[in-house]
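I opened this notebook to record what I looked up in one protein model. The entries follow the order in which I consulted the model.

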Amino acid sequence: MSQNLDVLNQGIHVLSPRLANQIAAGEVVERPASVLKELVENSLDAGATQIDIELDQAGIKRLQVRDNGRGIFEADLPLALARHATSKITTLDDLEGVSSLGFRGEALASISSVSRLELTSATSKDAQGWRVVAEGREMQARVSPAPHPQGTSLVVRDLFFNTPARRKFLRTERTELNHLEETFRRLALSRHDVGFTLQHQDKYLYRLPALAASEGLDAPPLAARLGQLLGREFLSQSLQLDQQASGIRLWGWVGLPVYARAQADRQYFFVNGRAVRDKLVAHAVRQAYKDVLYSGRHPVFVLYLELDPRVVDVNVHPTKHEVRFRDGRWVHDFIFSSLHKRLSGALIGQESLSVEPSSQQAADSLLHSSTSPAAAPTPWPTLSEQSALSLQVRESAPVQRPSPTADGSTLAFYAALAEPATAAVQETAPPTIQPPAANTLPPLGYALAQLHGIYILAQNQQGLVVVDMHAAHERMTYERLKQGWLERPLVAQPLLVPQSLSVTEELVQVAQEQQAILADLGVELAVLGPDTLAVRCLPALLRQERGFEPLVIALLEELARFGTSHQLEAAINEVLATLACHTSVRAGHQLSLAEMNALLRQMESTERSDQCNHGRPTWYQLSMKDLDQLFLRGR
C-alpha cells in the first residue's frame, strides 16, 4: 500500500515512448493472431497481390509477413515505426470516407514495443532495399541497407518477451495456431484477388492463388478456394446470393438451415472488404433464419456488403471489428429482406437436391485431380410442366371462415385458416400412372409407398427421397396460416383493466413516436408519466398470454434500435405454429399414392418447406451413389 502511495506522490510526468506504445499495444495486440491481422491489412493497403506468411511456434517465436506491394521509401521508414504516423489519412474529413483497412498509425509502433520487429522494404524506384528496427527505451529507429525485391517484409520475433505478464496469458501452441488460422481465413476470404500462403514450422497449411477480378460466384477457382478455407461441403450446402438496391449490394453464400452448426464459428461478414462483427448485422441474419433454424443452432455464411464508405463509420473500435452505419435501419432491413427472400423463395430442391452442382464439381477437380466429377444433373422442369399425375385438389364446398371477433372466437378464426391446407391432401381416386421419363421427374419425384404411416418414400432423378409427412404438412399449414394473418388487419383486444408498465424515459418517447406502427401490430399504449406506460390493447391472438410485460418492453427496445420489431411477430408465429401442428396430418394416418404425390407437389411450391416449424428437416435425399456405396456395388 505504501509503495502505491509513493507512486502517486511522484507527480505527473510524461511516459516514455516505449511504455506509451506498450500501453497502446494492449488495445490492438492480444495474441499472435492480432499481429497477423495488422500486418496483413497493411500489405493489402499497399496494393499487394501476393502475401506469404511464415510462423514458428504459432507466431510466438517468429511471425513473418512478406508482400509484393508498393513498398516504403527509405526516408519514410523511421516514421513507419512511429506512433500516430500513417499515409492513409491526412485530415479529419478523410475519416468520413476511409476505405483503407489500417489508418490509426499505431499498429507497428505497438507491435515493436512488445517484440523484436524488423521491417525491410523496397519500392520500384529504389536500387536496393532498406531495413529499419526500433531499439532502446526511446525506440529510436535505425535504418540500414538490405537486399529486397519490391514490396515489404516484416518479421516479429519473441512476442511479449519484455512483458512477461502479457505472455502468461497466451494459450497452448495449438490454441494460438487455431486463432492464427481463423484470422488467416477471414483475411483470405476478404480478398479473392490476392494470393495467400501460410506456413507453420516450414510446412504449408494453405496455398491460395489469386483470382481474377472477373471471376463470378460460380467460377471453379473460387469454388476451390472456398473449399480449402471452409471445407468441401460448404458450396454444396449453401445458396448463392447477390442482391442490389440503390447504392448497396449484398452478395456471397448462405448455408442451408440443415448445415447449421452448434457454434457461430463459420460466420463471415465483410463491409467493403473489412471483416466485422456487428450486432445490427447479426440481428438481421438471425431474423432471416428464425423460422427455419433448429433451436440452438447457428447458420453458416460468407457475405459481402458493399456501399458508399461515407455512410459507414469504421473508427468505432481500436481493433476495427465493429462499424456503425449512418442509416442502420435501412441496412438492417436490406440484409434481412435479401436473406429472407433467398432462403424462402427458391423452389425446393433446386439447389439442395443437386448433390454435386457444377461449381462443386469444378472445385473437386481442382482440389482432387484424381477424382472425376459426376455429370451435371438435368435441370428440373417447372411446376407447370408436371402434368403427368393430373392431381386436382378436391374442395367439396367453399371453406367458411369466421370473422375475427373479440368474444373469444379469434383462435377459431385463425384455426380455420388451416383447413385448406388440411384439405389439400384429400384427393380423388388415384389415376392410372404411367412411369414418367427420367428427365420429367419433379424435384421430389413421385411417391412409391408409405413407411409405418410416418414417412413417404419417393423416387426422383437422384435416387430415393424420404419425407416426414407430418413435418412437411405442418410447415405448409404454418405458411398458409401466416399468409392468412398477413393478409388481414391484426385484431386488437382491449384489456378489461389497462395495465401499467414501468419503462425508461427513452422507451416512453419511442411509444409516442411509433404509435402508428404499434397500432398496426394491435398494441395500444398510453403515457402515464415520464417512465410509465399503460397497456390498453394487445393482439387478440395473444389475449390468453400471461406476463406480456417482457414482450412489450422487447418490442419497444427493437423499435428504438432498428425502427421495426419482430418480437410481436415471433410471439404470434409461435401460436400459429401450435395451430399448424395440431391441424396437420398425424403420424399413422394412411395416405393414398395420389395424396402422397399431392403433398410432394405442395412441398415444392411452399416457401421454407425444407424445414418444419421447429427447424428440423422435412425430407432427406439418398442418391444412387449413396445407395451403391451402402450395398458395396462396383467394388
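**Surface and overall content**

I first looked up the accessible surface of the protein, which comes to about 31,100 Å², with 51% of it belonging to carbon and sulfur atoms; the areas come from the Shrake-Rupley method with a 1.4 Å probe, and for residues only the protein chains shown count as cover. I note that this is a predicted model, in which local features need pLDDT of at least 70 and side-chain atom pairs count only at pLDDT 80 or more, while totals for chains, interfaces and linings use all residues. Residues are numbered from 1 along each chain as its sequence is written, and side-chain values use heavy atoms, with hydrogens and water left out.

Of the 635 residues, 48% count as buried (under 20% relative accessible area, 1.4 Å probe, protein chains only). I found 21 helices and 22 strands, taken as DSSP runs numbered from the N terminus (helices H or I, at least four residues; strands E, at least two).

**Helix α8**

I next asked how many residues of helix α8 (residues 220–230) are buried. The count is 8 of the 11, so α8 is largely enclosed by the rest of the structure. Among them are Leu 222, Arg 225 and Leu 230. Just after α8, Gly 231 takes a positive phi of about 100°.

**Helices α3 and α7**

I then examined α3 (residues 32–45) against α7 (residues 173–190): they pack at an angle of about 20°, with axes 8 Å apart. Axes are lines fitted to C-alpha atoms, for helices over the stretch in contact, and angles run from 0 to 180 degrees between N-to-C directions. The two helices are therefore roughly parallel (angles under 35 degrees). Residues of α3 including Leu 36, Val 40 and Leu 44 meet a set in α7 that includes Leu 180, Phe 184 and Leu 187, contact meaning heavy atoms within 4.5 Å.

**Sheet and hairpin**

I traced an open sheet of 4 strands in the order β16-β17-β18-β22, with antiparallel pairing; two strands pair if DSSP finds at least two bridges between them. β16 (446–451) and β22 (619–623) stand at the edges with a single partner each, so one side of each lacks a neighbour in the sheet. The twist averages 25° from one strand to the next. In β17, Leu 457 is the bridge partner of Ala 449.

Lastly, I looked up β20 and β21, which form a hairpin with 2 residues between them. Gly 529 stands opposite Thr 532 in β21.

Note on methods: Buried < 20%, exposed > 50% of the residue type's maximum accessible area, 1.4 Å probe, protein only. Parallel < 35°, antiparallel > 145°, perpendicular 65-115°, else oblique.
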